[in-house]
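Reader: I would like to go through this model and ask, for several of the terms used about it, what they rest on. Could you set each value against its criterion as we go?

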Amino acid sequence: MDKFHIRGGVALKGRVSISGAKNSALPCMAAAILTPETITLHNIPYVRDIITMRRLLEDIGAHVLTPELRTHKISAANVELMQAPYELVKTMRASVLALGPLLARFGKARVSLPGGCAIGARPIDLHLASFSKMGADVFLEAGDVVARAPRDRLVGAEIQFEKISVTGTENVMMAATLARGKTVIHNAAREPEVRDLGELLNKMGARVRGAGTPKIEIEGVEALGGAQHTIIPDRIETGTFIVAGAITKGELEIKDCNPEHCNRIIGKLRDAGVEIEEVNQSTLRVSYGKPIRAADLKTEEYPGFATDMQAQYMTLMTQADGQSEITETIFENRFMHASELQRMGARIQISHDKAVVEGPTNLIGARVQASDLRASASLVLAGLIAEGETIIDRVYHIDRGYEKIETKLKAVGANIERVRESVTSPLSASQEVRG
Ligand code: EPZ
């Protein structure tokens, strides 16, 4: 199992390029199930969750070609299996995004019910309730969700999400494109990834209006065609590198990003004293001007401050002057990184949905363990500033959503190594080093 060995204290300097957004690429790949024609997606990030989605598509009978590493040509002309198995769903909850497209195109689907995960219970009741509203017969059988559409075609409906759900909105949006009649989604998620999926669906011949706003209207059509689409940049990777530049007192140029999608993240980091310049529509420059100051944070649905940036922000607040209070409103168990940061000397008090961070604190390198994707990013950031060496276990979490983060960090000066340790000798660090 791979680990990261990081020696802190280097001010990062240079240029880093942002990859495509994992959370847009996943639903866009699932959308290919909606048509027998070829969907070509560009700017796909080379991360593990994409490989899992590709496997899911191939398992159901789709063909996925990659003429280039970040271009996927997907053809779902010969889908035979309307099923997303447990093995895949347990490694990636986003496999549930196959449910809407399979149900819409084939009138039936079977998807393993995702269990809970490190950050929360994460039920999919809102997805299932929406498909029932669209006329589907939905029931659980042997740990699987089984869904069947009446006369093989869903019916348009008024959907009111009692809670904003990103993949819930995306699943229903995809299903509604082939439904009989009109679907209206109220209290829809407004994330840029939802808007990006809407753009792809319309290129495929769908009639989606309002993606990216709280109210989305979809007129169902008989069939969808092929399309070509470029995935938006990853705003969470962008935010992570802004923090990396600020926390190491460095100077970074962040290219191929979309500052507009990061408005609230940039706004909050500026409140904390981070100097961020918008060089142009796809480039940001981060520089260290003055000491980081404590600033309270509350995570919210887009356009609020993303929960996927909360852990990275917590690490930054360990270096801030004063006390900051972080309130996590989206997931009920998303402070797992705090106890690992405490192991490095951070002063953090957790109570329910609030974390109080005292700063500034000199972090000391230690052996720590990643519990989920964004928690692992917060530990990498801590390792970049800690005294001595930090060893991060279970970096497979970070590979799920960050493309070669150690290579990108090394290119701007970080002292970070990926170390593969054979399972037989967990303690020996002097094994083969892979860049
Ligand atoms: C998406 O997850 C992202 N994943 C998550 O990113 C992100 O943290 C999350 O949205 C919130 O922004 C992808 O896009 C693949 P939700 P999703 O449904 O759609 C509750 C990362 O790090 N809820 O918006 O699964 C749920 O429990 C990942 O890249 C229900 O109760 O999140 C949560 O409390 C982690 N019932 C809240 O709503 C439902 O049916 C928001 O969840 C659905 C959701």
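Author: What follows is a set of questions and answers on a predicted model, taken by residue and by element.

Reader: What makes His-229 a buried residue?

Author: The relative accessible area of His-229 is 3%, and buried means under 20%, so His-229 is called buried. The residue lies in strand β14, which covers residues 227-230.

Reader: How do you know that the side chain of His-229 makes polar contacts with those of Asp-196 and Lys-203?

Author: The side chains of His-229 and Asp-196 are joined at 2.9 Å, and those of His-229 and Lys-203 at 2.8 Å. A polar contact is a pair of N or O atoms within 3.5 Å, one able to donate a hydrogen and the other to accept it, and both distances fall within that limit.

Reader: Which residues are in contact with His-229, leaving aside its neighbours within four places in sequence?

Author: With those neighbours left aside, the contacts of His-229 are Cys-28, Thr-40, Leu-41, His-42, Asp-196, Glu-199, Leu-200 and Lys-203.

Reader: Why is Pro-27 called buried, and what is Pro-27 in contact with beyond its neighbours within four places in sequence?

Author: Pro-27, which lies in helix α1, has a relative accessible area of 1%; the cut-off for buried is under 20%, so the term applies to Pro-27. Leaving aside neighbours within four places in sequence, Pro-27 is in contact with Leu-97, Glu-170, Met-174 and Leu-197. The C-alpha atoms of Pro-27 and Met-53 are separated by 9.3 Å, although the two residues are 26 residues apart along the chain.

Reader: What makes the buried residues of α2 line one face of the helix?

Author: The buried residues of α2 are Asp-49, Ile-50, Thr-52, Met-53, Leu-56, Leu-57 and Ile-60. Seen down the axis of α2, these residues fall within an arc of 160 degrees, so one face of the helix is lined by them. An α-helix has 3.6 residues a turn, so residues three or four places apart point the same way. Among the elements that cover the buried residues of α2 are α1 (22-31), β4 (63-68), β5 (71-75), β6 (83-84), α3 (86-91) and α4 (99-106). Just after α2, Gly-61 takes a positive phi of about 115 degrees.

Reader: Why are β10 and β12 said to stand at the edges of their sheet?

Author: The sheet is open, with 4 strands in the order β10-β11-β13-β12 and mixed pairing. Each of β10 (158-160) and β12 (207-209) has a single partner strand, so one side of each is left without a neighbour in the sheet. Neighbouring strands of this sheet are turned by 15 degrees against each other on average, direction ignored.

Reader: What makes β18 and β19 a pair, and where does β18 stand in its sheet?

Author: β18 and β19 are joined in the parallel sense over 2 bridges, and since at least two are required, the two strands count as a pair. The open sheet has 4 strands in the order β18-β19-β21-β20, with mixed pairing. β18 (297-298) and β20 stand at its edges, each with a single partner strand, so one side of each lacks a neighbour in the sheet.

Reader: Which residues of β21 are on its covered face and which on its uncovered one?

Author: In β21 (residues 354-359), Ala-355, Val-357 and Gly-359 make up the covered face, while Lys-354, Val-356 and Glu-358 make up the uncovered one. In a regular strand the side chains alternate between the two faces of the sheet. β21 pairs in the antiparallel sense with β19 (residues 322-327) over 6 bridges, and with β20 (residues 347-351) over 5 bridges, also antiparallel.

Terms used: Residues numbered from 1 in each chain as written. Predicted model: local features only at pLDDT ≥ 70, side-chain atom pairs only at ≥ 80, totals over all residues. Heavy atoms only, no water. Axes fitted to C-alpha atoms, helices over the stretch in contact; angles between N-to-C directions. Buried < 20%, exposed > 50% of the residue type's maximum accessible area, 1.4 Å probe, protein only. Arc of directions from axis to C-beta. Contact = heavy atoms within 4.5 Å.
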